[in-house]
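Colleague: Could you take a close look at one part of this model with me? I'd like to understand the surroundings of a ligand and the spaces in the protein.

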Amino acid sequence: MQQYLTDNLYILETENYGEQLLAKNIKKIFAEFKVSEKISAGDRVLMKVNLLMGKDPSRAVSTHPAVIRAVAGEIKSLGARPVLADSPGGPFNRTALKLAYSKSGYTADAEQGLYELNYNTESFYDKLEAGQRGKSFELCSYLKDADFIINLPKLKTHGLTLYTGAVKNLFGVVPGTVKAEYHFKMPKVRDFCQLLLDIAELAAPDLTIMDAVTGMEGDGPSSGSPRDFELMLATGDIFELDLLVSWLLRGDLSYLKDPLPEAIISRFNHPGGLSAYEQYRKENFFKEEIPDWLTERFKEVSLPDIDRTANLLDKKLPDFLNRFVTRLLRPRPIFTLKCIGCGICEENCPPQVITIEQRQARAELKGCIRCFCCQELCPHEAVEIEKPLLGRLFF
Ligand code: SF4
Ligand code: SF4
């Protein structure tokens, strides 16, 4: 099964990571999006994967190496140079990259010459006049070195934004610890999602291919459970793709209250906005066109209990009241006994409210901005997100 849902959104049933099936589907995507007309021999083609922290492919945290193999094969068949890159959380240096590449299963393929691994850890500043949460952003140099950019996200749930896909994957073009700075500067999820859209606009991928063969449900993006969606989704419009997946995850129009779709849709009306979407889509987007074979893949998908109070509270309350209500209503990180005190969360906590005592992490919740970077980056799945009783009752 394969079909276009809009002029720019192509979905293919992909049951598994079998080499031949992936090669066939990636070839089809390249043909549909006329990639051969856009890439010249010798071009450097960036494959922007989701590396996050580097985990075994069976955990469905990173873009599956079999997908990368197939994409790289197609790029090479056009005479171009595939280069895999991302900036995972934490320090952005050669040692960290080497470890993350190896854990994610990319090193062996690179050593066989199927593609190159990026080790350039320099950065540069890029300007976005129409940016809504800044006009200049620090980005990884691997981005500007590319002649053509293929965004390769993994479909996963996310404790802060509900879902991480095409737009959120592009936050990885911000170098390592600078990501924590941006989180710190944008503690409100609405602002953070607008920042994600600014970065996504600067990254401007030429093509996005989402690995949703096996994605993640539950406590994503790193501690959830693998879930077989058996899909690949390809697009030239990352915003449209993320709206579709957000809809599929919720299964109804309540997706409009989630922070990322809300941010995307609120940009439609902005004079410096990104897209020419019509306002009617706010109500009708995808309502009629989504086929049953697609919605069935998302049946009873387990979603994280994200902070749906945030949009309401951030908009309506003054800061002092907001801080008070936060304690009573908002989800908070809980450090469980799985913690071994490795200190990764402490290093990456944007407001630096985590300390390690007797090999156990703890957070001073008064200063916690609920970014859940600690949960995202803990390699031992020791951080859970807990909603206070009042929050559970009212939201
Ligand atoms: S919570 Fe996780 S990342 Fe933080 S110290 Fe414990 S094991 Fe390490
Ligand atoms: S404790 Fe966790 S959720 Fe709170 S600010 Fe630090 S990293 Fe973010």
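Colleague: How many residues surround ligand 2, and which are the closest?

Modeller: Happy to, and please keep in mind that this is a predicted model. Ligand 2 is surrounded by 13 residues, and the closest are C349, C368, C371, F372 and C374. Sorted by class, this shell has 12 nonpolar residues, no polar ones and 1 charged residue.

The space that ligand 2 takes up is itself the second largest cavity. That cavity has a volume of about 110 Å³. It is lined by 17 residues, and C349, I354, C368, C371 and C374 are the closest to its centre. So far as elements go, β13 (332–335), α15 and α16 each give two or more residues to this lining. The lining of the second largest cavity divides into 15 nonpolar, 1 polar and 1 charged residues.

Let's follow α16 to another space. The helix α16 (373–377) also supplies at least two residues to the lining of the largest cavity, as do β9 (154–158), α6 (166–169) and α7. The largest cavity has a volume of about 290 Å³, and the structure holds 5 cavities of 30 Å³ or more. Of the 26 residues that line the largest cavity, L52, K168, F171, K179 and E376 lie nearest its centre. By class, this lining has 8 nonpolar, 12 polar and 6 charged residues. Domain 1 (2–298) and domain 2 (309–394) each contribute at least three residues to the lining of the largest cavity.

The helix α15 leads us to an open space instead. Together with α3 (94–103), α15 (344–348) is among the elements that supply at least two residues to the lining of the second largest pocket. This pocket has a volume of about 330 Å³. Its lining numbers 16 residues, with M53, G89, A96, L99 and I344 nearest the centre, and α3 gives the largest share, 4 residues. The lining of the second largest pocket has 10 nonpolar, 4 polar and 2 charged residues. Because domain 1 (2–298) and domain 2 (309–394) both give residues to this lining, the second largest pocket lies between them.

Technical notes: Residues are numbered from 1 along each chain as its sequence is written. Chains are lettered from A and ligands numbered from 1 in the order in which they are written. This is a predicted model: local features need pLDDT of at least 70, side-chain atom pairs count only at pLDDT 80 or more; totals for chains, interfaces and linings use all residues. Side-chain values use heavy atoms; hydrogens and water are left out. On a 1 Å grid over the protein atoms alone, a cavity is a set of points where a 1.4 Å probe fits but cannot get out, and a pocket is an open set with protein on both sides within 12 Å along at least five of seven lines; lining residues have an atom within 4 Å of a point. Grid points are joined across faces, edges and corners, and a volume is the space filled by probe spheres set on the points. Ala, Val, Leu, Ile, Met, Phe, Trp, Tyr, Cys and Pro count as nonpolar, Asp, Glu, Lys and Arg as charged, and the others, Gly among them, as polar. Domain bounds come from an automatic or database domain assignment. A residue is near a molecule or strand if one of its heavy atoms lies within 4 Å of it. A molecule sits in a cavity or pocket if more than half of its atoms lie within 2 Å of its grid points.
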